[in-house]
Amino acid sequence: FLLIYSVFCVIITELINTSIELVVDLITKEKRLRAMLAKDVAAAATLIAVIQSIVIAVIIILHRLNIV
């Protein structure tokens with residue numbers, strides 16, 4: 001169940017990331033530093049969720065193989 005939960009966290013984070021990017025694009029058409037920063041932070045949150053999901057998957061696999 002932990003792996004399913006972490007995959008859903010990745011999906012939810014990606015949805016939030018996409019909505020932030022769409023709102024930033026809607027508000028400003030020209031390139032601004034803060035707009036870029038908002039998009040980068042949202043993308044970083046997605047990346048962290050993906051890394052967390054991978055770590056959980058590796059721990060589960062290693063545990064099932066009796067390595068950990």
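## Ground rules

Buried here means under 20% relative accessible area, exposed means over 50%, and partly exposed is in between (1.4 Å probe, protein chains only). This is a predicted model, where local features need pLDDT of at least 70 and side-chain atom pairs count only at pLDDT 80 or more, while totals for chains, interfaces and linings use all residues. Residues are numbered from 1 along each chain as its sequence is written, and side-chain values use heavy atoms, with hydrogens and water left out.

## The helix pair

Start with helix α1 (residues 2-27) and helix α2 (residues 33-64): their axes come within 9 Å and cross at roughly 170°. Axes are lines fitted to C-alpha atoms, for helices over the stretch in contact, with angles from 0 to 180 degrees between N-to-C directions. Helices are DSSP runs (H or I, at least four residues), numbered from the N terminus. So α1 is roughly antiparallel to α2, a label for angles over 145 degrees.

Ser 53 sits in helix α2 and is buried, at a relative accessible area of 10%. Beyond its neighbours within four places in sequence, Ser 53 is in contact (heavy atoms within 4.5 Å) with Leu 3, Ser 6, Val 7 and Val 10.

## Salt bridges

There are two salt bridges, each a side-chain nitrogen of Lys or Arg within 4 Å of a carboxyl oxygen of Asp or Glu. Lys 39 pairs with Asp 25, with the closest N and O atoms 2.5 Å apart. Lys 39 is partly exposed at 24% relative accessibility, and Asp 25 is partly exposed at 34%.

How values were computed
Helix = DSSP H or I, 4+ residues; strand = E, 2+ residues; numbered from the N terminus. Parallel < 35°, antiparallel > 145°, perpendicular 65-115°, else oblique.
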